[in-house]
Amino acid sequence: MDNHSNSNGRMKGEEDSGVVLGVDGGATSTVCVCLPHGYIEPVNCLSRAVAGCSNRNSVGENLAMETLDNVLGEALSMAGKDRSEVQAVCLAVSGVNHPTDQKRLLDWLRGKFPSHVKLYVENDAVAALASGTRGKLHGCVLIAGTGSIAYGINNKGREARAAGAGPILGDWGSGYGIAAQALTAVIKAHDGRGPLTSLTDNILKELQLSSPDELIGWTYADPSWARIAALVPVVVSSAIEGDEAANKILHESVHELAESVTAVVRRLQLCGEDGKGRFPLVMVGGVLESNKKWDIGREVIKCISKVYPGVDPIHPEVEPAVGAALLAWHRCNYMRCNT
């Protein structure tokens, strides 16, 4: 431990009163956790609130802000706290891709909390990385859920990212990308532009539809990213059954995800100039969750290892929202220790 903290993980001279809020906002859901400011490992959340999508690119700015405000308020209410007791807040939200995005959210956040509260806004990838490194940023994270992104930071504080541009610009390794390609394969098979595939029967059964023609209406009735991405388990099960089209989609997904990581590692030299050093890779998202018969996460690691054998995969013990709270805690206390 350093000179500023005791053996329990508390900062010397810091009061244990007050709380820290961490938010992980994605295209599917938004989670807010409330931690005691003087927290002790292991992390014990005072409360956890869940709401819908808070990605402004998906649901619009007004609804995204409303969702964030509601989930912050609910977490505080569940913990029996009010906003005057908050010491720091970290919003880690998908769709925060530019300094102007950060500024917009920070300005909004300043109007929601007292002036003493330390406020931080990041892309959700930063919280995901922090969830695997316990709030200390170094290494790379790969998120593959509804969307996908690879983000990294080296020991000099330099950052880089790959993918994460949303479905229109090609998050093809994401859950949305996998499912959208599967739907396309069904339509192509139906109209004669592609080979027959068991994806047709399996997807129609899952959606309780009788014909591929009905897929068009189903898709555009509500083309939300998460709704489409929910079909990924059907694609995986079809691939396990030996369907060629499904297997091709998953192999292409593995390649896309691995390529995103290697691009970040290369730009940041996370493995050193010779490319042989070790680096942590935090793995987050439903697409990467283990399936013994078709394990996308394992295949991604195999692909990365061919280029960077020093990859050290980490499956976080805490969720990204906790990572966001720990990041706020570390930054808040670092500032106090250096003033």
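This is a predicted model: local features need pLDDT of at least 70, side-chain atom pairs count only at pLDDT 80 or more; totals for chains, interfaces and linings use all residues.
Trainee: Which helices do the buried residues of H7 pack against?

Mentor: Helix H7 spans residues 213-221, and its buried residues are Leu215, Trp218 and Thr219. These residues cover an arc of only 95° around the axis, which puts them on the same side of H7. An α-helix has 3.6 residues a turn, so residues three or four places apart point the same way. The packing partners of that buried set are helix H5 (175-191), helix H6 (199-207) and helix H8 (225-229).

Trainee: Which exposed residues does the face of H7 turned away from its buried side carry?

Mentor: The buried side of H7 holds Leu215, Trp218 and Thr219. On the face turned away from that side, the exposed residues are Tyr220 and Ala221.

Trainee: Which strands are the edge strands of the open sheet of 5 strands?

Mentor: The sheet has mixed pairing and the order E8-E7-E6-E9-E10. An edge strand here pairs on one side only, and this holds for strand E8 (159-163) and strand E10 (311-314).

Trainee: What is the bridge partner of Ile153 in E8?

Mentor: Strand E7 covers residues 148-153 and pairs with E8 in the antiparallel sense over 5 bridges. Within E8, the residue bridged to Ile153 is Glu159.

Trainee: At about what angle to E9 does helix H11 run?

Mentor: Helix H11, made of residues 296-305, lies across E6, E9 and E10. Relative to E9, its direction is at about 155°.

Terms used:
Residues are numbered from 1 along each chain as its sequence is written. Side-chain values use heavy atoms; hydrogens and water are left out. Buried means under 20% relative accessible area, exposed over 50%, partly exposed in between (1.4 Å probe, protein chains only). Helices (H or I, at least four residues) and strands (E, at least two) are DSSP runs, numbered from the N terminus. The arc is that of the directions from the helix axis to the C-beta atoms. Contact means heavy atoms within 4.5 Å. Two strands pair if DSSP finds at least two bridges between them. Axes are lines fitted to C-alpha atoms, for helices over the stretch in contact, and angles run from 0 to 180 degrees between N-to-C directions.
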